[in-house]
Amino acid sequence: MISKALVAASTKPMILSILVRGEDYGYQIIQRVKDISGGTLEWSDNMLYPVLHRLENDGLIVSRWRLSDGGRLRKYYRLTDKGRAELEVERGQWLDVHNALSKLWELVPARH
Amino acid sequence: MFDPEKAIRDWRISLQKNTTLSEGDIAELESHLRDEMDRRAAAGESPESAFRSALTLSASADALGAEFGKSRRRPRGPRSALPGLFPAYLRLAVRRTVKHKGHSLLNVLALTVGLAACGLVLLYVRFETSVDTFRKDADRIYRVNLLRKSAQGEDVIAGNYTPLAPTLKERYPQVEAAAMVFSGGFEPQPVVYRDKAFKEANISSADPDLLRVLDIALLRGDPGDVLVRKDTVLLSARTARKYFGPEDPLGKTIRINDRDCEVTGIIADPPANTQFQHDIVMSARSEIEREEFLQGWRPGIHGTMTLVKLKPGVDAGGFEALIRDLPHEYAAEDLKKLGAVNKMVLQPLKTFYLYDATVEGLVPSPRLVYLYVFSAIALLILLLAGMNFINLSTARSIRRAGEVGVRKAAGATRRQLVLQFLGEALVTAFLSLGLAVLFILIALPAFEGLAGVAIEESALLEPAIVAALVGLTVLVGLVSGLFPALFLASFHPVVVLKGRLRTGPGGTRLRRALVVAQFAISITLIIATLVVAGQVGYMRRQPLGFAKEQRLVINFRTWGMMEQNYETVKAELLSHPSILAATACSGVPGKGINRTYYYPTGLQAEKGQALRSLRADHDFFKVFEIPVVAGRGFQKDIATDTHDALIFNEQGAKAFGWATAEEAIGKTMTDRLVPVVGIVKDFHWWGLQRPIEPMVVRVAPGLFRYIAMKVETKDLPATIAHVKSVYDRLYPGEIFESFFVDEAFDRQYASEVRMGALFRAFTGVALFIACLGLFGLAASTAEQRTKEIGIRKTLGASVTGIVRLLNWEFAKWVLAANVISWPAAYFLSQKWLENFAVRMPMPWALFALAAVLALVVALLTVSYQSVRAAAANPVESLRYE
């Protein structure tokens, strides 16, 4: 189980990285995180939605309501240009951390 | 049976109770819940189980709300309670202002009047300080004044030698442009084009460089042919329109003062804020060629001024040093003969309007003094309005004590309360500003007439004016709001809510001090107003030494028009029975006479004098009823009396050192041995600002240009019609112009009269504001003392007794205000009266009158409240507790 602090810290880059592939809604985001992490990351809705709203307030993502194929109303989120730029910043920072740890643990560095 | 839809609905309702969740949030969560339920159902779970497990994954409504709330409560910018709360204070302030109409009205009214007065004076100051300073390169433009020193004394004149401008241009590379400007006669001259004939005042002659020096735009015409040739003229656009209408004026001939001039250019209309109101500018060349006194390096006369524009970067002081002694280079002989020293002095363009050039240098002109006086008065009025605000707000604080207590008990901090009260003050101030602007727009035309300036309404929108007005408003709002705010916020909630609050001695003392200050200012202004009016009246009542009423004067266009026939003209005029006497002369009291140089024969060096010089015929002293004190008047039967006899006034005799009038008789003047035949009693030629000057009178028909008549008042129109018919018959084609001596003479007091009117207006405003404050104060005092009055009445006090008691309370402070205002008013009046040669005696009665006036107005103001309070039924007032 990943610590709460680390989960909280990684939510933002995680969401941005998911949305950079295209529009998505909350439930789907949680599923994707779960799939990608192989189940080690399981987000709850009460954690995800406030973060989404905050990112929207900050102008990193925008939302719109859409009727899905099954006739259900869903709120879809999409990355803005500002969000894209923010993702680059986050990416750089996380890679820095990753590279540092990798070196310390004598692993092959990831490509920057 | 489990109904998933009902379960979801119940869950939704439970979420809706949480105020931090919006409908959108809930919809999003619901959609999420349904997705999770679908997935679980697909995996084979029962609907109920799917619902419950989906729900356990998510949190309770409260937890959700807390998380959502966090995402929303993130203020942008620095953390402060102010931005969020400010609108609330504002709303509160507006509501209060509307709710307490009476109180607000008094405050707003006073502030409105105060701000409007300030706004008007601001516009006035802006206009006065903009005169000619707006010109391009104004910093580099100077007038070359002439400082003259001789045995007779020294003076500075704006006129200078006519060849100076070309000389400066030729000799000094520092000069970019230089022009001589000759503003000709002081009287309007006739200008004729075909059937259009008017008298024009703004005529001048100038060198071609004038346009370059003053940066006047040439709208039409060849820049190379501007004022170059003889008898050419430039017209302002408005003048060209007036005479030529749609015609093209270029190349046309217009007749100016009997001379045909070709229009060679159209120049931009002069704006209101320039002293160079050049509507008609003639080529100076023709003027110089015709008038001998304008040729060569002859001592300058008023009117021929030299303007110079220095090149950028040239040091004016250094340049002045270079040209300082030019007169002694070019006019050495003349100066030597006169025993005089003339020096050139530069005066910057920017100082033309507000400063006077004197021997001691530049001194503030009366205009500048008035500017200061009225700025000070406007600020005083604003100060009064601010005091009013403090006064009324603190007086009112008792009523608001309860509010303050409740707010404090509910947790309001002192800071929040102060902010609230300041907010209210600012709302009041800005409301007043809005009204003040309206007031300014309405009052502007009247004010323009009063102040004698032309202000455009659009000037109100100029950034500097807007900034100044808003700044003053904020300042007044904050300063006058701060004390009441601090005072109110300092109430202790427990004391207040228990109803034990008394306004401390501090508050009462302050309010009294404010009332005293307000009335001190008002009384000072009242005295100032009375003194100005008194002095003007005094000057008008003073015997002038000549008869001023019912003296009708014909104004001839120029000198010499009646050199040959003035006796005929007089005889024709006198044929009318209502015309009792007539005289031809070069001037009448109040109208320009210049100086001429005289000396007792053989004593030029020791006793030479420049005297006011009047040329008049034998009947002048008869028409103006000026008595001869020694010798005789001019006589028709003595041939030499024409041209070769002099009469002095008493001052004139004294100026040459003769002890008595008799001693002067028979003395001769100048090398031509002109005898002094008589001395007349001193009389005032100018308004009483000036002392009586030494004067000489001579019969010189070539210089006559007025005929003054003593007329009877009965059927004046017929008399004037007769005069006009005689004039028209004898001078066909000339424009008839006449005036009465008393009217023209009194025009010399125009500036004092104007100042008096402005003072009256401002004093009225100040007194009004002071009364508003007093009215409010009386109201709150009466309110506070309701119970006391009730008890007094039950114990047998009469209504008059109570009214007297309440009124005395205020009257004594108004009386106390005199202690401050009398010395101040005395000092100021004394200073102002120093400007006059003839002063009214120090008017102590006026001081008393001002005190009484202020007292009466104050009593009338408070009596309304006093009577109301005293007449109230004591049962009512005592029952209310």
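## Helix H20 of chain B

In this predicted model, helix H20 of chain B spans residues 566-574, and its buried residues are Val569(B), Lys570(B) and Leu573(B). A residue counts as buried if 20 or more other C-beta atoms lie within 10 Å of its own, as exposed if 12 or fewer do, and as partly exposed in between, with C-beta atoms placed from the backbone. Thr568(B) and Ala571(B) are exposed and sit on the face of H20(B) turned away from its buried side.

The packing partners of the buried residues of H20(B) are strand E17 (579-585), strand E25 (706-711) and helix H25 (716-730) of chain B. Contact here requires the C-beta atoms of two residues, placed from the backbone, to lie within 7 Å. Helices (H or I, at least four residues) and strands (E, at least two) are DSSP runs, numbered from the N terminus.

Pro484(B) belongs to helix H17 (residues 463-489) of chain B. Pro484(B) is classed as buried because 25 other C-beta atoms lie within 10 Å. Its C-alpha atom is 9.4 Å from that of Arg396(B), a residue 88 positions apart from Pro484(B) in sequence.

Helix H17 of chain B also holds Gly481(B), which is buried with 24 other C-beta atoms within 10 Å. Between Gly481(B) and Gly423(B), 58 residues apart along the chain, the C-alpha separation is 8.3 Å. When residues up to four places away in sequence are not counted, Gly481(B) touches Phe421(B), Leu422(B), Ala425(B) and Leu426(B).

## Packing of helix H30

The axes of helix H27 (residues 750-784) and helix H30 (residues 844-871) of chain B come within 9 Å and cross at roughly 20°. Axes are lines fitted to C-alpha atoms, for helices over the stretch in contact, and angles run from 0 to 180 degrees between N-to-C directions. H27(B) and H30(B) are therefore roughly parallel; angles under 35 degrees count as roughly parallel, over 145 as roughly antiparallel, 65 to 115 as roughly perpendicular and the rest as oblique. The contact residues include Leu767(B), Cys771(B) and Phe775(B) of H27(B) and Val857(B), Thr861(B) and Arg868(B) of H30(B). By class, this contact of H27(B) with H30(B) comprises 11 nonpolar, 3 polar and 1 charged residues. Ala, Val, Leu, Ile, Met, Phe, Trp, Tyr, Cys and Pro count as nonpolar, Asp, Glu, Lys and Arg as charged, and the others, Gly among them, as polar.

Helix H29 (residues 799-833) of chain B packs on H30(B) at an angle of about 155°, with the axes 8 Å apart. H29(B) is therefore roughly antiparallel to H30(B). The contact of H29(B) with H30(B) has 21 nonpolar, 4 polar and no charged residues.

## The chains as a whole

Chain B contains 31 helices and 26 strands, and 39% of its 881 residues are buried. Of the contacts in chain B with a separation of 6 or more, 81% involve residues 24 or more positions apart.

Chain A has 4 helices and 3 strands, in the order α-β-α-α-β-β-α from the N terminus on. Of the 112 residues in chain A, 25% are buried. Among contacts in chain A between residues at least 6 apart in sequence, those joining residues at least 24 apart make up 45%.

## Conventions

Residues are numbered from 1 along each chain as its sequence is written, while chains are lettered from A and ligands numbered from 1 in the order in which they are written. As this is a predicted model, local features need pLDDT of at least 70 and side-chain atom pairs count only at pLDDT 80 or more, whereas totals for chains, interfaces and linings use all residues.
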